[in-house]
Amino acid sequence: MEVALSLAIGILTASGLWLLFRPRTFQVILGLSLLSYAVNLFIIAAGRLRTDAPPIVGKGPADAAAYADPLPQALVLTAIVISFATTALLLVVLMASRGLTGTDHVDGEDGEA
Amino acid sequence: MTQWSDHLIIVPIVLPLAASALTLSLDERRRAAKRVISLGVAALMVAVAVALIWSARETGPVAYRLGDWPSPFAIVLVADRLSTMMLLLTSVLGFTSLYYATARWDRSGPRFHTLFLLLLMGINGAFLTGDIFNLFVFFEVLLAASYSLILHGSGTERTGASLHYIAINIAASLLFLIGVALLYSVTGTLNMAHLALSLASADRENLALVEAGAAILGVAFLVKAGIWPLSFWLPRTYGAASPPVAAVFAIMTKVGIYVILRLSSLLFGKESGGAAGFANETLQLAGLATMLFGILGILAARQLTRVAGHYVLVSSGILLAAIGIGGEALTAALLFYLVSSTLAVSALYLIIEPVERNADEEDLIGGIAEPVFDDEYVGAIEEKEDEVGIVIPGTIAILGGGFIFCALLLAGLPPLSGFIAKFALIDALFRNVEIAPTHWILIVLIILSGLATMIAMTRAGIDRLWTPGEDSPSRLSLIEVTPIGLLLLVCLALMLTAGPVMDFMQATAEALQDPTGYISAGGPGGTVGDPGKAAVSGLRR
């Protein structure tokens, strides 16, 4: 479980960073999306990995040890929504930039590349 | 939590939110109504901020638990001297920028007032909140609004600049989340005051994790503050933005500075055990490098907007280096400098456009652009152009006067508030018995930055204003002059009341050095604190 999660975070981060430094706007957006997935997984990991432990307390007296920490899950939900919204906004700016400059290079002009 | 005045703290967040929803529901053509609403809200926010400062001065830090949940489970808003002071600064800048925008800029794109009010809400929330994840949310609110505001007016330059701006800020936000997650994984809390308490008693083995988290978190704020080498986006973005937007963006770098100041006071103050004084040296060096970069940028800049952008960097550098050095007197001085320089830069951004309009060149900032999305306007722009208000004569005299005033303020020449601020900084540095080499460098760079600003401003003034040209002086409306005058008047008032203001800053600095007041207000209350801790540590196991 730990290995799988850390591998997932690592691969997502590496791919995201590589794409982030590419010169095409679409690659940058995909890179940022991958990075945000990696960060979301990381936040889950910050709440400690637990299996078979629900984050919601049922009726009756509760033993805190039997439940997963609900807070990181709430944080991840918020983070997902926010990064979704900002990515959508960035897509609009990408389209506007493509329309205005006629190229999808991040600097608005094609270099030698 | 029964008196109505207890709820005053949340007004700076709720009021602009409600007003921006209201302006959103109004048609683009009902501009007058929108102007009245947003200007009224901005003026009201100045009054609320003054009231909050008053109460923070009288009673010390006050916390407001949202939903009246027991702390630390509630998200708290904390109003202390520092946050209310920043609130007042924000609302003054918000009011003057909005007022300036009504001259013509709010017509150059859709939903200006809605976005502007949302930006103010985000900034106010970031200053008030006492919860680190809530801080992230408010950061995203203000960033989302700023993304759209940069684009306001459209055009190739703005779109290109905002593409970079959005990309770097999303990346910084991801770093923010990583930092928050790391801090949470060690302490099990997101409440800043509670975080300070938990860190003071944290295990030594976890210290590395805490420091890593704080460092990653810090990078996110330093990107906003424009520290070198993470600052290359700033001059271009601010230069591309329309003038009223750039003028209010002057406070946005200060949001980063504020958070650094707040967190280093809470998490890495004198009493926080092993982590005390974390990253101070890094801050000093990075601040000095930022100043150097900014000074060179000011000298190399060929456009006034670039001068202003690099001046923002210089002031960020001075503030960061001073935060790194620390100490009560220096903190008080840096707060005074923060207020003075923010007002001055904002005034400069507002005055640049009329000054450059004078110069007979292609319009550098870009006039009112064509709409991007046709369906959004519904005839909002086509209708009667240009009733810019009363056109006043003697344009050059007034512009020149304001420009000189701005230059003196920015360069820090006597007798204006910029001078007092820089003098206080240098005086505080000299008060130490032993003056470290970095302190000497800081002093030299402070003086050099004044010189560089003076050179750049003189050059620009001769180039744009004081060379007799054959072109007739341009039109200048009263609506544009008033906000610039207001900002400069505030600086003048700051100079005249420097004594009392400095006393206030001194008390603020004392509270930052010893944040027990903040912690007891915002942290877990005595009655409900322990069960909360038990639950959290139970989960932590």
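Axes here are lines fitted to C-alpha atoms, for helices over the stretch in contact, and angles run from 0 to 180 degrees between N-to-C directions. The model is predicted, so local features need pLDDT of at least 70 and side-chain atom pairs pLDDT 80 or more, while totals for chains, interfaces and linings use all residues. Residues are numbered from 1 along each chain as its sequence is written, and chains are lettered from A and ligands numbered from 1 in the order in which they are written.

**Exercise 1.** Describe how helix 3 and helix 18 of chain B are arranged.

*Solution.* Start with the axes: those of helix 3 (residues 81-101) and helix 18 (residues 478-496) of chain B come within 8 Å and cross at roughly 160 degrees. Angles over 145 count as roughly antiparallel, and these two helices of chain B are therefore roughly antiparallel to each other. Next, look at who meets whom, with contact meaning C-beta atoms, placed from the backbone, within 7 Å.

**Exercise 2.** Find which helix of chain A gives the most to the side that touches chain B.

*Solution.* First, take the whole contact: 28 residues come from chain A and 27 residues from chain B. Then list the elements of chain A that give two or more residues, namely helix 2 (25-46) and helix 3 (70-101). Helix 3 of chain A gives the most, with 13 residues.

**Exercise 3.** List the contacts of Phe336(B), leaving aside its neighbours within four places in sequence.

*Solution.* Phe336(B) is in contact with Ile420(B), Ala421(B), Ala424(B), Val501(B), Met502(B) and Met505(B).

Conventions. Two residues are in contact if their C-beta atoms, placed from the backbone, lie within 7 Å. Helices (H or I, at least four residues) and strands (E, at least two) are DSSP runs, numbered from the N terminus. Angles under 35 degrees count as roughly parallel, over 145 as roughly antiparallel, 65 to 115 as roughly perpendicular and the rest as oblique.
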